[in-house]
Each structure stands twice: as C-alpha cells, then as structure tokens.
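Please go through the fold strand by strand.

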Amino acid sequence: MCMRDKRENITDCDTRHGDATKNKGNKLKKEEKQRRKYLKAVSKEEKRRRKYLKAVSKIKKKARSELTNWSQYGYCLKDSMMDLGVDDGGSVLEIDGLGVSFAEFSHTIEKRHVPCLIHNLLKHWPAMKRWNSVERLMEQLKGVACKVGSDDDGYAVRMLFEHFVEYLRDPEHGKKDDSPLYIFDSTLVEKTTLKHDFIVPYIFSEDLLKYAGKSRRPPHQWMCIGGPRSGTSIHVDPLGTSAWNALVCGHKRWAMFPPGSVPEEVLKPKGVNSAARWFDVVWPKTLLDSWEYHKPLHVVQGPGDVIFVPSGWWHVVINLDFTVAVTENFCSTANFHKVFMHTRISRPKMTQRWLACLSTVRPDLARVGQQIINDDERCSDISSPSSSSTSSGGSSSSSDDENSASS
Ligand SMILES: O=C(O)CCC(=O)C(=O)O
Ligand SMILES: [Fe+2]
C-alpha cells in the first residue's frame, strides 16, 4: 500500500468513526426523547386514572350513601343471576309491531291494560346502528355528564360518560358491584344528538301531556344505559301514565304485577334495595307452587323489542348484559281518565292549564276532565257538611312539584 492510500484510509476511518459517534449521539437523543414522551404519557394516564377513581368513589358515595360494601352478595360470580329462566319463554303477550294498527293497539291492548312485548317496531330507527356499542355511543356522549342516581337531598348525581364506560369495565367497580351504577337520565335525549336517532313508535304517538305546556310538564323520556346486574327496583310509573320501553341493544329481564293487591313482601321486602337483590331474593319465591298471591308476568326483552307497561302495573327490571334503551311515560285516550285523576291531585296548576288547552284540541277529553272535577266537588260537598259550594281547587296537601322520575 502506498502512503497516499494509507492517508486516505486513515481519513476514511476518521470519517466513519465520526459518523458512528454522531449516529450514536442521535440515537441516544431519539431514545431520550421517546423516553420523555413515554413518561409524559404515563403520567398523563396516571393523572387521568386518578381523576377517574376520585370521581367514581365520590359518585358512589353520593348516589348510595347507605352502601358500604358494593359487592357483599358476590353477584358478579353468580352466573345464575343473569340466567334466571331466560329460556322459559316468558308469560307476557307477544305481538308483531308491523301487523298492528294504532286503533287495534288502542282497543285490544291499551284499553284492556295488557302488558306486552312488541317485535319489529324499531327496525327503521337509526339508533339500532348508532347506539349498539359503547364505542358508537362514545361518539355522541363523550364529555356529557349523565345522571346515575340522586343524592340524599334528591339532587342528580352525574358522571361523565367516558368515566361511566371505564367504571363498567373496571374489575374493581362495575364488573364487581352487585348492582352497578346505571344511567337513567331524562335530559340526555334533549341535550344531545341522540334525539335524531329515533322517533316515537306510531302506536304510542298520541302524547296528550304535551298539551300541559313544556315548562310544567314533568320529565317523561329517559335514556337507560347500563351493564349486567344494573336495573330498576320495583315501582309503578308516575301520575297514572303507561310506558313504552324500546331496547336497542342487550337484554332486560322484566317481572310485572297487576295493579291492586300486591303484597308488601313483593313491594317492600326487607333488606332489598336493588333490582338484582329483588331477583335474587323475591323472584324465586313468586315461582313456588306455594306462592299465594298473583304470579308475576315475566319476559326477557331483546334488541329491537319494545315493552308496553300499562298504567298502574308494578314492574322490576334487571339488565342481563350491556343495554341501551329509551323509555317514555305517556298519556293517551286509553289512560286519560286515570292520568287526569292523578294530575288533578298532585299537579293542580299543570292540570288547569292542560284542561284549558284540551278544550281547544280535544274537547271530548276536556269534558271528561271537567266531569272528574265536578264529581270530586260533589263528593267533597257531601262528605263535609260545613263546606261551601265553591270549587275545592285541588287538595291542599297535594304537591305540584312531584318528581315523576320512575326509578
Ligand atoms: O329499563 C329499565 O331499567 C326500567 C325502565 C322502566 O321502569 C320503564 O320503562 O318504565
Ligand atoms: Fe317504570
């Protein structure tokens, strides 16, 4: 090798060595940048998780201050809880929504107060595609505070939808709780884009309470979103209204009792404070041959099914998996008499306004309402000899502020 070659080699070597050092430096810098980015993401995630955990524990305390142990019955391990006679066919009348007209439904089902399960009413609802998974719902509900309960003073307890989803998937919370938190919110439809995804089924389209005035009208439409074992304790819907409940995804188990003689051990069983507990403790008793009262009607509602609950029927509902539903309490010609009797006592001011509006749009029903008022006055005249013949104007003990939320 000549000197020149040698020099070139040395220079070559130097350059390569320089490049290698530079590369190494760059690599280290890149790694350091990545490490910082990673640590930033971790700390952001930790902060987010801490925020979520803080929110959950605060919300749980507020929504059910009486509960110290949310998983004391171990229902999450009891598979039979979610399998309670699902295959036994149910005992509620089932009809095809496509084959029933408004008049038929009103005469054969509503006026006879027959609970029923209606198939095929929701096929054309955009909601059937837009609400059928947590991810799809997140597109519309991220950042929205949803009602998951009430505190001891009756104020709404709200939770961000994304926190609710995390709660449902959390092995230490929603996955483990006996009766997990449940979104039951009468403002969600109005305040979000969810309202564009459905229309009230035609057989329930006669909404007479809209004539009571928007500001006075009690809440009447709720979104219900929850995981397995969440649900609604036994109750009757408010103000004599009937209800339709449209299930978009998942399965709900219903038990229903007719108005009238339902025993205390069904309505107020000791130590039963949730739908899950009710189905564990009370439900099996009602199935025994020795059960001496009314047997409940029962049914499992699946995706696309609508349940009709006639006014005055007691009902208790448990979610068997992740469910999304919308439900509405309504007054129609079929239950008008019953609803008017209720509102007259508990919402006298609203009833006055309602009657005035009905006299224009539905004079036939306004006459029914006026007759109820006249009959009431006649009765109170007869029962209290000292009373004057002027209008009683509604019971003084009645409240015009009754909260009509059903659960
Ligand atoms: O879906 C539920 O949890 C029950 C709803 C209910 O009570 C109703 O629709 O009347
Ligand atoms: Fe209800």
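Ile118 stands opposite Val306 in E11. Their strands, E2 and E11, run antiparallel and are joined by 3 bridges. Strands such as these are DSSP runs (E, at least two residues), while helices are runs of H or I with at least four residues, and both are numbered from the N terminus. Two strands count as paired if DSSP finds at least two bridges between them.

This is a predicted model, in which local features need pLDDT of at least 70, side-chain atom pairs count only at pLDDT 80 or more, and totals for chains, interfaces and linings use all residues. Residues are numbered from 1 along each chain as its sequence is written, and chains are lettered from A and ligands numbered from 1 in the order in which they are written.

**The protein as a whole**

The secondary structure comes to 12 helices and 13 strands. Of the 407 residues in the protein, 35% are buried. A residue is buried if 20 or more other C-beta atoms lie within 10 Å of its own, exposed if 12 or fewer, and partly exposed in between, with C-beta atoms placed from the backbone. Two residues are in contact if their C-beta atoms, placed from the backbone, lie within 7 Å. Among contacts between residues at least 6 apart in sequence, 81% join residues at least 24 apart.

**The seven-strand sheet**

E2 and E11 belong to an open sheet of 7 strands, ordered E1-E2-E11-E8-E13-E6-E5, with mixed pairing. Strand E1 (93-96) and strand E5 (183-185) stand at the edges; each has a single partner strand, so one side of each is left without a neighbour in the sheet. Neighbouring strands are turned by 20° against each other on average, direction ignored. Axes here are lines fitted to C-alpha atoms, for helices over the stretch in contact, and angles run from 0 to 180 degrees between N-to-C directions.

How many residues of strand E8 are buried? In E8 (residues 242-249) 7 of the 8 are, so the strand is largely enclosed by the rest of the structure. E8 runs antiparallel to E13 (residues 323-330), with 7 bridges. E8 also runs antiparallel to E11 (residues 306-309), with 4 bridges.

In helix H2 (residues 102-110), Phe105, Ile109 and Glu110 are buried. They cover an arc of only 70° around the axis, which puts them on the same side of H2. That arc is taken from the directions from the helix axis to the C-beta atoms. The buried residues of H2 pack against E2 (116-119), E8 and E11. The face turned away from the buried side carries the exposed residues Ala103 and His107.

**The four-strand sheet**

A second topic is an open sheet of 4 strands, ordered E7-E12-E9-E10, with antiparallel pairing. E7 and E10 (297-301) stand at the edges with a single partner strand each, so one side of each lacks a neighbour in the sheet. The twist averages 15° from one strand to the next.

In E12, 6 of the 6 residues are buried, so the strand is largely enclosed by the rest of the structure. Trp314, Val316 and Ile318 point one way, and His315, Val317 and Asn319 the other way. E12 pairs with E7 over 3 bridges and with E9 (residues 252-257) over 6 bridges.

| Residue | Opposite residue in E12 |
|---|---|
| Thr232 | Val317 |
| His235 | His315 |
| Arg253 | Ile318 |

His298 lies in E10. His298 is buried, with 20 other C-beta atoms within 10 Å. His298 and Ala255 are 43 residues apart in sequence, yet 4.4 Å apart in space, C-alpha to C-alpha.
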